[in-house]
Amino acid sequence: MSSTTEQLRPELDIQRTDLKVVEDDNNDELYAPSRFGFLDDAPAWLISTLLHVGILLALGLVSLSDPVRMVNVLSATATGEEGPEIEEFSIEQIDPGEMEVVEDASEPVEMTESFDMAEPIPLDVPLDIAAVPLDVSDFASEMASTEATLQTLASVQTSAMDSRSDKMKKKLLREYGGNSASEAAVTNALKWISLHQMRDGRWTFAHNLVCNNRCGNGCEEKRSTAFNGATAMALLPFLGAGQTHKSGDFQSVVRRGLKYLIRSGRPGVKSGLPVLDLSERDGNMYSHGLATIALSEAYAMTEDPTLAAPTQAAINYIVAAQCRDGGWRYAFQDARGGDTSVVGWQIMALKSGYMGHLTVPPQTIMGSMRFLDKVQSNGGAWYGYARPEPELRPATTAVGLLCRMYTGWDINNRALQKGVEGLAKIGVLKNDIYYNYYAAQVLRQTGGPQWEKFNTELRDWLVDTQAKEGGAKGSWFFRSNHVSGAGRLCITSFATMILEVYYRHMPLYAEQTEEDEFPL
């Protein structure tokens with residue numbers, strides 16, 4: 001206030017000086033009375049009081065004419081047990097420069113460079129999925145009604161992937177027949193797979209082009225562009241070992257692979273559902289099923305919300321692609337009807353999505369059960385490719401029995417028991433890794449002496465035949481039925497997942513509850 005008074009005082013002095021000049025200039029005339037002439041007779045203290053009051057009023061008018069914008073910042077700190085302290089936080093911007101541009105997967109890619117495995121780095125930011133403009137909230141009005149769906153995002157507990165935690169892995173390894181040698185083989189396999197990842201996050205079954213032929217046995221030319229299928233096959237062993245884009249020694253490897261899958265998918269709408277199509281010319285619905293399993297497992301393990309929309313959309317594509325007979329084949333709604341081999345991957349994808357609390361319509365599962373009924377024989381103990389078979393067909397029977405387990409058959413089901421007996425009698429087929437992969441899962445779930453015999457032979461054979469030196473160290477290659485021409489990467493993926501069978505999924509029949517099955 002004193003500074004304002006000093007500013008106003010010169011103006012007052014000037015007014016008084018002017019008044020004095022007037023009086024001096026008119027001293028011979030009667031001076032006309034001033035409007036404030038009563039001040040002449042007022043005491044000094046009154047004049048001072050009036051002056052200061054005027055100044056205060058002037059300041060008030062100045063403040064009202066030029067208000068100051070105030071920003072209210074709310075903060076709180078608990079002083080006792082009344083509530084938690086609210087900490088200051090900041091949001092870090094993601095540098096778009098770190099995002100790599102991925103070429104169209106349908107075009108051939110030159111792979112002439114070799115690269116070393118990237119150093120693991122901590123990754124706390126969510127996956128960037130801007131290329132997939134989908135929102136889980138958009139599904140509500142387009143999916144089946146609540147009473148007609150298997151589950152909602154909050155209806156069951158996420159426990160199915162707990163088997164992959166370090167503590168549970170050790171327990172299940174002991175209980176179901178794994179050992180230190182099998183785990184060392186898994187570790188070496190993951191290292192080999194990581195070394196063959198391309199810079200944009202994908203893998204190719206033509207892995208030898210990535211490593212400059214340091215390890216041979218690449219794929220047939222027609223399989224070399226099945227990038228989604230190869231990427232999914234490479235990711236599944238990491239996820240099976242508990243490695244995700246948020247934790248583990250291979251975070252960056254898994255992250256880049258997931259980002260590639262999401263970017264390469266084609267968003268759209270099918271049968272009224274928002275979908276993400278991951279099928280491809282040289283991989284068809286096999287690639288889509290495998291990629292959906294990878295996305296579903298990653299989402300179930302991490303509950304990363306950025307994975308929810310693309311994973312649900314990939315599941316929706318499976319729902320929309322189902323054939324009229326309830327199965328799946330190579331093409332979308334293939335007019336020929338389903339085949340058991342493709343069906344197996346789609347049901348595993350739906351089961352993985354179910355374990356991640358995503359929406360799977362019950363009519364889709366019921367349709368798949370109709371297809372299994374169509375191709376079964378021997379009372380449901382055997383399964384054919386597209387029709388019933390008069391004899392036990394090993395690979396398709398193993399696929400069919402695992403699907404029956406996933407869709408609710410109890411361990412005491414007589415047809416299941418007869419089928420398991422048939423697989424145990426066949427035993428390990430060293431020329432058919434595809435059959436071994438499915439048979440290992442079926443026999444591991446039923447357990448007992450049949451599993452112990454089968455596991456011991458298969459486990460020890462895989463550990464012994466893994467490459468121990470050179471560029472192929474950590475991988476496998478041998479001629480195999482059903483995956484002929486897929487090359488070393490495919491064989492290595494199957495072998496690694498077999499050695500993870502002890503903990504890849506929780507036992508279905510150990511402490512079975514209704515939540516272990518697809519509720520229909």
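This is a predicted model: local features need pLDDT of at least 70, side-chain atom pairs count only at pLDDT 80 or more; totals for chains, interfaces and linings use all residues.

Residues are numbered from 1 along each chain as its sequence is written, and side-chain values use heavy atoms, with hydrogens and water left out.

Across the whole structure, a search finds 15 aromatic pairs. Rings of Phe, Tyr and Trp (its six-membered ring) pair if their centres lie within 6.5 Å; planes under 30 degrees apart count as stacked, over 60 as edge-to-face and the rest as tilted. The planes of Trp203 and Phe238 meet at 35°, with ring centres 6.4 Å apart, so this pair is tilted. It links distant parts of the chain, 35 residues apart: Trp203 lies in the loop between helix H4 (180–194) and helix H5 (227–240), and Phe238 lies in helix H5. Helices here are DSSP runs (H or I, at least four residues), numbered from the N terminus. Trp203 is buried, with a relative accessible area of 0%, and Phe238 is buried, also at 0%; buried means under 20% relative accessible area (1.4 Å probe, protein chains only).

The rings of Tyr437 and Tyr438 have centres 5.2 Å apart and planes at 75°, so they form an edge-to-face pair. Tyr437 is buried at 5% relative accessible area, and Tyr438 is buried at 1%.

Finally, the charged end of Lys169 sits over the ring of Tyr503, 4.9 Å from its centre. The charged end of Lys270 sits over the ring of Phe332, 4.8 Å from its centre. A charge sits over a ring if NZ of Lys or CZ of Arg is within 6 Å of the ring centre and within 35 degrees of the ring normal.

Notes
Helices (H or I, at least four residues) and strands (E, at least two) are DSSP runs, numbered from the N terminus. Buried means under 20% relative accessible area, exposed over 50%, partly exposed in between (1.4 Å probe, protein chains only).
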